[in-house]
Amino acid sequence: MSENHEKKNLRTPIVCVMGHVDHGKTTLLDQIRGTSIVKGEAGAITQHIGATEVPIDVIVERCGDKRLRDKFIVPGLLFIDTPGHHAFTTLRSRGGSLADLAVVVVDINEGFKPQTIESLNILKRFKTPFIVVTNKIDKLYGWKSNPHAPFLTTYKKQTPETQALFETKFYEVVGRLYEQGFSADRFDRITDFQKTLGVVPISGLTGEGVSDVLMILLGLAQRFLESALHYNIDGPGIGTVLEVKEEKGLGTTIDVILYDGTLRKGDTVVIGRLGEPIETKIRALLKPRELAEIRYESKFKQVPKAVAACGVKISAPGIEEALAGSPVIMATPETIESVLEKVKKEIADVQIQTDSDGVMIKADTLGSLEAMVHEFRKAEIKIRKAEVGDVSKRDVMEASTIEDPMHSVILAFNIKTTPDALELMDEHPSIRIFTNDVIYRILDDYKNYIKEREEELE
Ligand code: GDP
């Protein structure tokens with residue numbers, strides 16, 4: 001196979017940005033998207049549905065060293081626009097993760113927080129290569145920013161006092177990473193990224209260090225993922241539902257991250273839902289319009305096909321019950337039976353890991369449900385039922401039949417309780433619903449509740 005041929009068949013790695021709330025995930029993504037403003041010969045970033053593609057030429061130009069161009073064979077990086085471990089766990093594929101790489105953002109001034117640890121746990125479990133960025137270095141006392149220089153150049157310009165402050169704060173984060181089982185160091189001090197986790201100091205606000213982040217991600221993709229990124233351009237399209245959305249004039253649509261093959265308008269696809277999968281035909285494939293065109297038309301334009309890796313919106317009949325986090329697989333008359341079976345099994349695999357008694361777990365997507373089940377199993381808590389969807393009246397009714405107060409409990413991740421369920425709750429004061437958007441907090445709340453009950457009994 002010629003080198004060129006290989007290049008053509010290496011898809012863009014998919015990158016997720018994770019970390020604690022307010023530590024700067026969105027700002028970093030904006031900064032990366034802002035790369036398009038650099039108007040050069042390099043071309044521009046491409047806006048997908050739910051994701052942004054930064055081509056290799058743009059990254060190289062941003063780094064200011066065109067000689068780097070020949071070092072890389074991946075075509076660029078595809079950043080998922082929604083940050084957080086929520087998007088990461090939604091983007092699942094066959095029990096693994098669809099994200100090839102991740103960036104964990106830690107505010108250097110604040111250090112580790114619950115969602116930092118949760119992100120690390122999820123990445124450990126999925127064995128996803130990642131880097132950590134210590135963000136907001138511009139806020140360190142005395143720090144003089146230089147947005148366009150690489151980190152090391154800026155670092156050398158600081159006073160010894162500011163450098164010392166930086167080192168203290170930085171190595172606090174490295175120490176916490178060590179507690180979580182990671183040998184980590186500043187990226188420019190690492191000789192072997194296989195053994196050591198790279199930590200990159202950045203400011204998402206000023207942009208300093210961001211080109212280092214892009215370079216290291218490319219390096220990781222090349223080192224760890226090359227074989228995983230080979231794909232079949234002409235093969236059947238395979239993706240994951242990122243979101244199910246109503247769109248004006250289009251009805252229900254699904255936002256899909258496609259990670260293998262090609263999807264075309266008119267293709268038959270199988271999509272996951274609870275119970276039997278959906279079999280439907282693609283009515284339209286949609287991509288975002290350029291900003292200039294948006295004023296007078298809809299936000300989306302039709303495209304004849306979508307090629308992995310990309311984000312695309314699908315309009316098709318009968319997709320109202322599609323599940324976020326479930327597979328979307330193209331099928332032909334020859335493959336339809338096996339594809340239907342495969343999708344059905346994948347959904348069932350997540351739903352059936354339940355015990356004969358225990359608590360009820362509900363979550364917003366298959367991936368987050370899977371993550372919840374995993375964490376509760378690890379804490380040796382029995383699970384009677386694990387299901388996707390809001391807390392419903394039926395759930396409360398079911399919980400009301402459970403006599404054990406330890407188990408007449410509903411643990412709800414990132415979902416609402418429907419009004420009729422709330423009404424019914426008034427009649428059953430013994431039922432407890434613990435709800436949060438951090439799995440750890442739900443776990444802690446539940447453990448505290450158990451402890452209180454046990455103390456009452458004593
Ligand atoms: P997210 O919740 O992790 O997505 O955090 P955001 O990106 O929304 O950032 C939270 C706040 O921190 C916002 O007010 C940002 O402007 C601010 N922020 C983010 N990155 C930086 C940074 O590098 N330096 C400074 N000074 N502020 C930042």
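**Reading the predicted model: ligand, helix, strand and sheet**

In this predicted model, 15 residues surround the ligand, and the closest are D22, K25, T26, T27 and D138.

Reader: Why is T280 called buried?

Author: The term applies under 20% relative accessible area. T280 has a relative accessible area of 8%, and is therefore buried. This residue lies in strand 15, residues 278-281.

Reader: Which residues is T280 in contact with, leaving aside its neighbours within four places in sequence?

Author: With those neighbours set aside, T280 is in contact with D267, T268, V269, I271, A316, P317 and I319. In the case of P317, the side chain of T280 reaches the backbone oxygen at 2.8 Å.

Reader: How do you know that the span of helix 5 agrees with its number of residues?

Author: Helix 5 comprises 13 residues, 114-126, and at 1.5 Å a residue it should span 18 Å. The expected span is 1.5 Å times one less than the number of residues. The end C-alpha atoms of helix 5 are 19 Å apart, so the two values agree.

Reader: What makes helix 5 "mostly covered"?

Author: Of its 13 residues, 10 are buried. Among them are Q115, I117, L120, I122 and F126. After helix 5 comes K127, whose phi is positive, near 55°.

Reader: Why are strand 21 and strand 22 said to pair?

Author: Pairing requires at least two bridges between strands.

Reader: What makes strand 22 and strand 24 the edge strands?

Author: The open sheet has four strands in the order 22-21-23-24, with parallel pairing. Strand 22 (383-388) and strand 24 (432-436) each pair on one side only. The twist averages 15° from one strand to the next.

Reader: Which strands does helix 12 lie across?

Author: Helix 12, residues 393-400, lies across strand 21, strand 22 and strand 23 (409-413). The helix runs at about 180° to strand 22.

Terms used:
Residues are numbered from 1 along each chain as its sequence is written. This is a predicted model: local features need pLDDT of at least 70, side-chain atom pairs count only at pLDDT 80 or more; totals for chains, interfaces and linings use all residues. Side-chain values use heavy atoms; hydrogens and water are left out. Helices (H or I, at least four residues) and strands (E, at least two) are DSSP runs, numbered from the N terminus. Axes are lines fitted to C-alpha atoms, for helices over the stretch in contact, and angles run from 0 to 180 degrees between N-to-C directions. Contact means heavy atoms within 4.5 Å. Buried means under 20% relative accessible area, exposed over 50%, partly exposed in between (1.4 Å probe, protein chains only). A polar contact is a pair of N or O atoms within 3.5 Å; within protein, one must be able to donate a hydrogen and the other to accept it, and residues adjacent in sequence count only if both atoms are side-chain atoms. A residue is near a molecule or strand if one of its heavy atoms lies within 4 Å of it.
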